[in-house]
Amino acid sequence: MNAFFKCAELGRYAEFPLKVMSENFPMDNITLNQLDRSLVKDLAARQGNPGGLESGLKESAKSPEMPEVKNNKSEAPETPESKKIDAKAPEAENGQSGESKEPLDPEAKENREMTQDEINAKQREAIKDAFGRILRGEKLTNLEKGNLCEMLMDQYYISQGYTPLHKDRVTSLDDAGHHGLDGVYQKGDKYVIADAKYDRAEVNSKETQDGRQMSWDWINKRLDDAVGKEKADEIRQAREENPDNVVTQIYHFKPDADFENNRSACGSLYHVNEDGKKDGPEIAVEIYQDGERVELYYKGNGRLDQADEIRA
């Protein structure tokens, strides 16, 4: 044991931290394989003891190679002290202090869940870009038309004081799109379940195993996926208490037949009944002129006025 500490004193300048090792490991368990080879060889030469360290070095050469030394650190077993040191290493490398910090991955912020305000802002920007393309004479794909229509529908109901409840809201023309319910909205104790249609698209009139599209049976099968089980049960309960609490509508976006010249489009609504069939007239609720939205107000008897003029 005295010989070991004498070697340690002679090797203070070497790379391997003998002092730290002596503090963290029982002395009786130290073997030559745990020491830096260059240090052992040097110490053996200094001691001039061929039968001691030098012969031990030859024996250690017969054993498997020692772990590679990286960054002047031997891969010694973890200890409570080494864990504390390693925990601070990332801070030192990045020039930061404190025990926690924001992830450095630039994609981390994009991957987090967006707030409703952020979703709305992205939708408005995507709608603006879409109208810019249309006004330049570009043709949208069917996927892009569907996504644009869903975003327009979201923004319409928001303008009427409703809160979107559906998950995975569309925020880009390039979104993959989804099957099921396009939109579920709430205002107070009232709910609207809506489907978005672009131009000449209509509700599918064919019967499915769940019933006709937008019928209550068809909606009920998809409600949990759209808003989650808890909120879906709230909507079902509200409908049981009063059928008028839950209405089903179609939002229809139609560019004018002569859009290239007059550059106008119309957003309209019509109701469907529990069987998924159109129930009542289709009412225009907003127009877009040169890409700018103008809200409309229905006065009855087929008369429409701009909402701003009515409020004035």
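Which hand does the crossing of α7 and α8 have, left or right?

1. **What you are looking at.** This is a predicted model, in which local features need pLDDT of at least 70, side-chain atom pairs count only at pLDDT 80 or more, and totals for chains, interfaces and linings use all residues. Residues are numbered from 1 along each chain as its sequence is written, and side-chain values use heavy atoms, with hydrogens and water left out.

2. **The chain as a whole.** The chain has 12 helices and 10 strands; these are DSSP runs numbered from the N terminus, helices being H or I with at least four residues and strands E with at least two. Of its 312 residues, 35% are buried, where buried means under 20% relative accessible area, exposed over 50%, and partly exposed in between (1.4 Å probe, protein chains only). The accessible surface is about 20,100 Å², and carbon and sulfur atoms account for 46% of that area; the areas come from the Shrake-Rupley method with a 1.4 Å probe. Looking at contacts between residues at least 6 apart in sequence, 51% join residues at least 24 apart. Contact here means heavy atoms within 4.5 Å.

3. **Helices α7 and α8.** Back to the opening question: the crossing of α7 and α8 is left-handed, meaning that the near helix is turned anticlockwise from the far one by less than a right angle, while clockwise would be right-handed. Helix α7 covers residues 116-135 and helix α8 residues 142-159; they pack at about 130°, with axes 10 Å apart. That angle makes α7 oblique to α8, because angles under 35 degrees count as roughly parallel, over 145 as roughly antiparallel, 65 to 115 as roughly perpendicular and the rest as oblique. The axes are lines fitted to C-alpha atoms, for helices over the stretch in contact, and angles run from 0 to 180 degrees between N-to-C directions.

4. On the α7 side, the contact is made by N120, Q123, R124, A126, I127, A130, F131, R133 and I134, and on the α8 side by E144, L148, M151, L152, D154, Q155 and I158. Nine of the residues in this contact are nonpolar, three polar and four charged. In this grouping, Ala, Val, Leu, Ile, Met, Phe, Trp, Tyr, Cys and Pro count as nonpolar, Asp, Glu, Lys and Arg as charged, and the others, Gly among them, as polar.

5. **Helices α9 and α10.** Further along, helix α9 (residues 216-227) packs with helix α10 (residues 229-241) at about 145°, their axes 6 Å apart. This crossing is right-handed. W216, N220, L223, D224 and V227 of α9 meet K229, K231, A232, I235, R236 and R239 of α10. That contact divides into five nonpolar, one polar and five charged residues. Also in helix α9 is D217, which counts as exposed at 54% relative accessibility.

6. **K254 and its neighbours.** K254 sits in strand β6 (residues 246-255) and is partly exposed, at 33% relative accessibility. Leaving aside residues up to four places away in sequence, K254 touches D199, A265, C266 and E282. From K254 to A265, 11 residues apart along the chain, the C-alpha separation is 5.6 Å. D199 lies in the loop between β3 (190-198) and β4 (207-208), and its phi is near 55°, a positive value in a residue other than glycine.

7. **D290.** Another residue with phi near 55°, positive though not a glycine, is D290. D290 is in the loop between β8 (283-289) and β9 (292-300) and is partly exposed at 41% relative accessibility. D290 touches L135 and R263, not counting residues up to four places away in sequence. D290 and F131 are 159 residues apart in sequence, yet 7.9 Å apart in space, C-alpha to C-alpha. F131 belongs to the α7 side of the contact with α8.
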